[in-house]
Amino acid sequence: METVNLFGLTPEQRMIRESILDLLGRVLPRERIKAMDKACEYPAEAYRALADGGWMGLLYPEKYGGMGGSYKDFAVLVEAIAYHYAGVAQAYLVSAIYCASHIFKNGNEAQRAQFLPRVIRGEAKFALGISEPGAGSDVASIETRAVRRGAEYVITGQKLYTTCAHVADYLIVVAKTRPDAGQAGISIFIVDARQPGVTIRPMDMLGRHTSHTNEVFLDNVTTPADWLIGEENKGWHCLMACLNVERLGMAAVGTGNSFKVLDYTLDYARNRSAFGKPISKLQSIQHKLADMRIMAENARLLTYRVAELIDNGQPCVLETSMAKIVATDANFNCANLGLQIMGGAGYTCAYDMEMFFRDARVGPIGGGSNEIQRNIMAKLLDC
Ligand SMILES: Cc1cc2nc3c(=O)[nH]c(=O)nc-3n(C[C@H](O)[C@H](O)[C@H](O)COP(=O)(O)OP(=O)(O)OC[C@H]3O[C@@H](n4cnc5c(N)ncnc54)[C@H](O)[C@@H]3O)c2cc1C
């Protein structure tokens with residue numbers, strides 16, 4: 001049973017939620033999800049169904065085939081997808097939002113016209129290559145190098161943890177065009193992922209098996225100079241311009257999946273008996289469930305708040321960091337409590353809980369770790 005308190009959503013936003021839950025319920029039944037997780041299988045049918053429904057373009061203008069929706073609409077959409085299954089939300093976000101927003105916000109009109117309609121129709125998938133073996137939180141220390149040669153750039157380096165690169169047609173590659181210049185030497189490129197010189201190797205990770213991460217090796221890979229996003233050496237500003245929507249996306253995933261974990265646990269607790277009554281009647285279990293609801297609800301409030309601030313054109317970097325921290329922590333803490341409530345059953349692979357637990361663990365690490373988010377907040381608090 002679904003925990004629903006959708007106060008503040010417009011009829012259209014309620015419709016977004018209902019449409020997504022109905023669509024994903026049909027194309028990706030629960031028993032399929034567990035099998036796909038085990039097989040590390042990309043959720044291709046669900047991705048295609050979202051594209052066919054037009055949802056890839058929710059945030060983008062109609063002239064590219066989008067819906068021109070608001071950030072609140074986007075938060076509602078992502079929350080609903082992650083309520084059904086976080087792996088689909090991850091696959092959707094990486095290509096249609098984290099990568100496409102680089103093109104939409106920082107690219108030129110020719111790049112937008114060339115790539116956005118194809119992303120929105122589900123014909124072109126992107127993956128985002130920022131992190132490297134030697135640089136994760138410290139993005140300015142990346143070592144991938146891009147050198148201009150006539151009408152193209154030649155790129156050499158290694159990316160790590162590149163989510164969904166194994167199914168990508170294109171990569172957004174963050175590289176150094178001035179190796180010794182730190183932030184002032186960064187440039188961002190669109191790169192054809194299927195060309196010689198690009199090697200993609202899947203990584204073996206704890207969770208998120210269906211939208212898994214990859215090592216990406218770039219060996220003298222060429223890309224047209226026209227596919228430089230923004231200006232050379234100005235990539236840092238482009239990265240910063242896309243961070244808020246990326247973190248809003250992560251907060252919405254954390255929120256949606258927290259509610260899923262709560263509902264899954266409630267269902268189990270009502271049906272599991274110990275000492276002659278359902279464990280949901282035990283106060284120690286009830287308190288955990290209440291705590292889970294508080295965490296999920298807090299995550300939702302902060303996430304919607306950020307979306308509304310962005311829609312109103314108000315600065316909200318601090319609020320976005322806060323929402324990202326609260327929602328991703330909520331997701332993992334809900335899964336941890338849910339697993340405890342389920343006892344041994346939660347620890348077996350027969351139930352979804354162990355997958356929720358593994359999948360949720362990445363939230364506080366990815367997208368700028370929660371320590372980095374606190375650094376951002378501290379800076380803005382001027383303390
Ligand atoms: C499942 C998964 C998917 C990912 N997908 C992608 C992707 O698609 N594309 C991509 O580019 N990257 C991706 N990443 C990488 C992710 O962005 C990095 O893991 C993250 O930025 C942290 O970098 P790191 O792992 O190198 O940790 P490090 O930077 O080595 O940090 C290690 C620890 O030190 C802490 N720390 C570091 N610096 C500071 C500081 N200044 N103050 C306080 N604490 C600090 C961190 O919070 C962390 O706890 C993914 C990672 C995972 C696990």
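A residue is counted as near a molecule or strand if its C-beta atom, placed from the backbone, lies within 6 Å of it. The structure is a predicted model, in which local features need pLDDT of at least 70 and side-chain atom pairs count only at pLDDT 80 or more, whereas totals for chains, interfaces and linings use all residues. Residues are numbered from 1 along each chain as its sequence is written.

Around the ligand there are 21 residues, of which I130, G136, S137, T163 and S369 come nearest. The most is given by α12, with 3 residues. By class, the shell around the ligand comprises 8 nonpolar, 11 polar and 2 charged residues, where Ala, Val, Leu, Ile, Met, Phe, Trp, Tyr, Cys and Pro count as nonpolar, Asp, Glu, Lys and Arg as charged, and the others, Gly among them, as polar. At least three residues of the shell are drawn from each of domain 2 (127–233) and domain 3 (237–381).

The domain assignment of the chain, with bounds that come from an automatic or database domain assignment, gives domain 1 (11–125), domain 2 (127–233) and domain 3 (237–381). The C-alpha centres of domain 1 and domain 2 are 23 Å apart. Their contact takes 20 residues from domain 1 and 18 residues from domain 2, two residues being in contact if their C-beta atoms, placed from the backbone, lie within 7 Å. On the side of domain 1 that touches domain 2, α2 (30–39) and α5 (86–106) each supply at least two residues. The largest share of that side, 10 residues, comes from α5. Its composition by class is 10 nonpolar, 7 polar and 3 charged residues.

Helix α4 (residues 71–84) has 14 residues and reaches 20 Å from its first C-alpha to its last, close to the expected 20 Å, the expected span being 1.5 Å times one less than the number of residues. This helix α4 is mostly covered, with 14 of its 14 residues buried; a residue is buried if 20 or more other C-beta atoms lie within 10 Å of its own, exposed if 12 or fewer, and partly exposed in between.

V198 lies in strand β6 (residues 198–202). V198 counts as partly exposed because it has 19 C-beta neighbours inside 10 Å. Apart from its neighbours within four places in sequence, V198 is in contact with A193, V216, L218 and V221. The C-alpha atoms of V198 and I155, 43 residues apart along the chain, are separated by 10.0 Å.

Notes:
Helix = DSSP H or I, 4+ residues; strand = E, 2+ residues; numbered from the N terminus.
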